[in-house]
Amino acid sequence: MDLGIRGKRALVCAGSKGLGRGCAEALAAAGVDLVLNARGAEALAETAAAIRAAHGVAVTEVAADITSDTGRAQVLAAAGAVDILVTNAGGPPPGLWSDWGREDFLRALDANMLTPIALMTALLPAMMQRGWGRVVNITSQSVKAPIAQLGLSNAARAGLTGYVAGTARQVAPQGVTINNLLPGIHATDRADALDRGVAAAQGITLEAARAARAATIPARRYGTAAEFGAMCAFLCSTQAGFIVGQNILLDGGATNSTL
Ligand code: NAP
């Protein structure tokens with residue numbers, strides 16, 4: 001399917017690896033030029049080179065922490081007026097409710113709620129002026145089915161979800177859509193880190209921890225970054241202009257609910 005976005009320009013945050021990279025690759029495959037961000041310059045350069053070689057699009061690299069004021073300013077200066085924004089950042093650490101104090105919450109809110117809000121605040125006006133824009137926020141299945149040990153993530157992402165619910169409806173008249181993509185378990189470094197924690201805590205191998213988690217998913221496997229990216233690119237397509245303010249789960253059926 002031609003997504004109708006060839007020649008557009010996207011900012012993909014936290015996109016050198018994992019789900020962000022999946023989104024960047026799928027947008028590049030649709031002919032979208034990229035401003036690609038991550039903190040580590042080396043992995044970012046490797047990913048950018050691979051995307052240029054595979055898809056022939058322009059990729060501007062910005063090595064910066066998207067959750068810091070200075071990092072965000074650097075990224076926004078390089079991005080200019082983009083047509084498409086994909087927000088993403090690393091997730092907060094797991095733990096127990098009693099582990100977390102105010103500073104932990106402020107860090108989580110900054111990274112996973114206030115950073116995407118700041119990026120939207122900066123980039124929505126130009127999209128609205130041009131009468132076309134797409135925003136996809138990578139959040140988590142924990143928005144619909146909270147994960148007990150991810151309390152910091154549950155809290156920050158719920159806040160972002162509430163913000164998007166209203167804002168998406170305020171910018172839709174100008175041809176701009178905002179939607180959230182909710183990953184369930186996907187095979188990325190983040191999933192590996194969580195599985196390693198479980199393996200260490202339970203004294204089992206990493207493979208055993210992975211197999212146990214995969215068994216909880218009706219699809220009986222982890223999702224892939226390519227599948228995730230394909231959905232992101234579709235939400236950024238011309239065809240997706242009537243999808244507004246939605247929270248779309250990609251979880252292999254793990255969240256057991258109907259509505
Ligand atoms: P990942 O494989 O660890 O990749 C994270 C990417 O983000 C890397 O490119 C990393 O590069 C970059 N990054 C992290 N923090 C950053 C920052 N502060 N500024 C700029 N770039 C940053 O993670 P993932 O699995 O793709 O997860 C992406 C998001 O989805 C996370 O918020 C995660 O919590 C959420 N999620 C993932 C899953 C899953 O199963 N994978 C499930 C639910 C939710 P650098 O380290 O070089 O910056």
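The protein has eight helices and seven strands. Helices (H or I, at least four residues) and strands (E, at least two) are DSSP runs, numbered from the N terminus. This is a predicted model: local features need pLDDT of at least 70, side-chain atom pairs count only at pLDDT 80 or more, and totals for chains, interfaces and linings use all residues. Residues are numbered from 1 along each chain as its sequence is written, and side-chain values use heavy atoms, with hydrogens and water left out.

**Overall form**
- With 259 residues, a compact globule would have a radius of gyration near 18 Å, and the protein agrees, because its value is 18 Å.
- That radius is taken over C-alpha atoms, and the globule rule is 2.2 Å times the number of residues to the power 0.38.
- Along the principal axes, the C-alpha atoms fill a box of roughly 55 × 40 × 40 Å.

**Around the ligand**
- The ligand is surrounded by 28 residues, and the closest are Ser16, Leu19, Arg39, Ala89 and Thr188.
- A residue counts as near if one of its heavy atoms lies within 4 Å of the molecule.
- At least two shell residues come from each of α1 (18-29), β2 (33-38) and α6 (189-202).
- The shell has nine nonpolar, 13 polar and six charged residues.
- Ala, Val, Leu, Ile, Met, Phe, Trp, Tyr, Cys and Pro count as nonpolar, Asp, Glu, Lys and Arg as charged, and the others, Gly among them, as polar.

**Atom pairs at the ligand**
- A polar backbone atom of His186 is 2.8 Å from an oxygen atom of the ligand.
- A polar backbone atom of Gly90 is 3.2 Å from a nitrogen atom of the ligand.
- A polar backbone atom of Ala14 is 3.4 Å from an oxygen atom of the ligand.
- Taken alone, the ligand exposes 890 Å², and the protein buries 89% of that.
- Accessible areas come from the Shrake-Rupley method with a 1.4 Å probe.

**Lining of the largest cavity**
- Residues lining the largest cavity include Thr87, Asn88, Ala111, Ile138 and Arg157.
- A cavity is a set of points, on a 1 Å grid over the protein atoms alone, where a 1.4 Å probe fits but cannot get out; lining residues have an atom within 4 Å of a point.
- α4 (102-130) and α5 (151-171) each supply at least two lining residues.
- α4 gives the most, with five residues.

Conventions
Polar contact = N/O pair within 3.5 Å; in protein donor to acceptor, adjacent residues only side chain to side chain. 1 Å grid on protein atoms, 1.4 Å probe; cavity = no way out; pocket = protein on both sides within 12 Å on 5 of 7 lines; lining within 4 Å.
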